[in-house]
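I opened my notebook to record what I looked up in this entry. The notes follow in the order in which I made them.

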Amino acid sequence: MGLATTGSALVATPLTALSDAGTKQSGSEDQSGIKITDVKTYKLYRAILIKVETNAGIAGWGESSPNSTEVIESFVHNTLKSHIIGQDPFNVELIWDTLFWQNHDLGPSGALPYAIAGIDLALWDIKGKVLKQPVYKLLGGSYRKETPAYGGFGVYGGSVSVEKATEKALKLAEKGFKFIKLRMQIREYNMDPIPDFTVKYYEAVRKALPADVELFVDPNEGYTAARAIQIGLELQSIGMKYYESPCPLENHRDLAEVVKAINIPVLAGEKCYTRWQFRDLILEANPDVIQPDLIKAGGITEVKKIAALAQAFFKTIAPHNTKPTLGTAAAMHLMASISNVGPFIEFIETEIYEEVMSVFDNQVEFKNGKLHVPEGVGLGLNINEKRLEKLAK
Ligand SMILES: [Mg+2]
């Protein structure tokens with residue numbers, strides 16, 4: 001929201017009065033002298049990268065949803081771009097509000113916050129590059145340089161054999177992960193399977209893993225409260241320390257029952273978008289650890305607010321993170337700069353992301369089971385544009 005001075009008082013000007021689609025907004029007069037000149041998108045396999053260019057010759061990079069990259073590309077070019085051309089890239093708050101509220105009718109969840117996140121990451125990357133600082137220093141400075149990461153894989157509702165699952169878990173342990181998660185992938189449309197297979201996987205994989213590796217499960221929201229509590233108590237009794245997404249996020253009452261019934265931390269929130277859905281999740285379900293995905297939930301600007309909201313309830317965050325390049329970098333910068341970081345961050349680094357990882361000259365460092373915040377300027381990842389242009393669809 002822009003502020004206009006009237007006499008001695010600062011008066012908030014309604015956003016709707018500030019910006020119609022494609023027009024310049026008051027409150028956005030550039031302080032840095034830098035203006036956004038263009039927004040470009042590059043589709044890769046399971047990734048879409050967004051480049052925001054400026055008249056200073058500095059560009060920032062972000063990424064958005066890997067699902068339906070055509071939809072995101074269209075959203076960026078046909079809906080969001082016109083709002084930000086000519087804007088000062090330092091105005092991340094005004095730009096976020098404008099992009100969100102001007103397009104709210106297109107769906108406040110899903111593609112809109114996903115696309116906004118891609119632009120938001122690029123704006124923070126620009127800010128860091130202009131100021132020659134890593135993003136975490138602009139977000140509040142350094143609480144930490146590294147965060148334990150967990151590796152995980154899916155068992156596709158029980159269709160991956162227990163032997164194969166054990167093999168995959170051992171490979172992750174060999175890579176150095178000290179936390180491993182089994183994604184049961186039961187899903188909301190196939191709830192409470194009979195017979196239940198979660199304990200069988202947990203027991204077999206647990207037995208094979210070294211004792212210093214924590215194993216936990218994520219039923220992928222496939223349980224009603226009764227089943228989630230039954231399985232959660234059983235796993236708790238045989239040593240499981242964390243329980244992720246037992247119930248659908250469309251049913252906070254069931255999740256609240258699970259949180260009350262079991263004594264290990266319940267993690268939830270990977271499918272929540274924006275601060276308002278996290279507010280409802282916390283107030284109605286009260287999970288112990290919340291899991292915003294920086295790309296889904298609206299970018300660095302929005303998840304910084306979500307982290308503060310969580311902090312007000314003395315909850316930690318453990319980001320959902322399935323994007324190994326810019327998404328991981330953005331999450332690490334935020335995690336570096338806040339106090340209420342949970343036990344770990346998710347990290348997916350599989351062959352399906354080889355293409356997007358190959359367009360960067362460097363990666364977020366994973367060492368001894370931990371991810372390290374990039375120390376370069378901006379988000380700290382260097383893109384090889386020639387290679388990207390060759391590969392992009
Ligand atoms: Mg999950």
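I began with the hairpin of β4 and β5, which has 4 residues between the strands, and I noted that Gly57 takes a positive phi near 80° there. Strands (E, at least two residues) and helices (H or I, at least four) are DSSP runs, numbered from the N terminus. The model is predicted: local features need pLDDT of at least 70, side-chain atom pairs count only at pLDDT 80 or more, and totals for chains, interfaces and linings use all residues. Residues are numbered from 1 along each chain as its sequence is written, and side-chain values use heavy atoms, with hydrogens and water left out.

I then looked up the pairing, for which DSSP must find at least two bridges between two strands. β4 and β5 pair in the antiparallel sense over 5 bridges, and Glu53 stands opposite Ala59 in β5.

Next I turned to the other hairpin, that of β3 and β4. It has 2 residues between the strands, and Arg46 takes a positive phi near 55°. β3 and β4 (residues 47–54) pair in the antiparallel sense over 8 bridges. I found Tyr42 opposite Leu49 in β4, and Lys40 opposite Lys51 in β4.

I placed these strands in an open sheet of 3 strands, in the order β3-β4-β5. The edge strands, β3 (36–44) and β5 (59–63), each pair on one side only.

Finally, I checked how covered β4 is. In β4, 8 of its 8 residues are buried, where buried means under 20% relative accessible area (1.4 Å probe, protein chains only). Ala47, Leu49, Lys51 and Glu53 lie on one side, and Ile48, Ile50, Val52 and Thr54 on the other.

Note on methods: Buried < 20%, exposed > 50% of the residue type's maximum accessible area, 1.4 Å probe, protein only.
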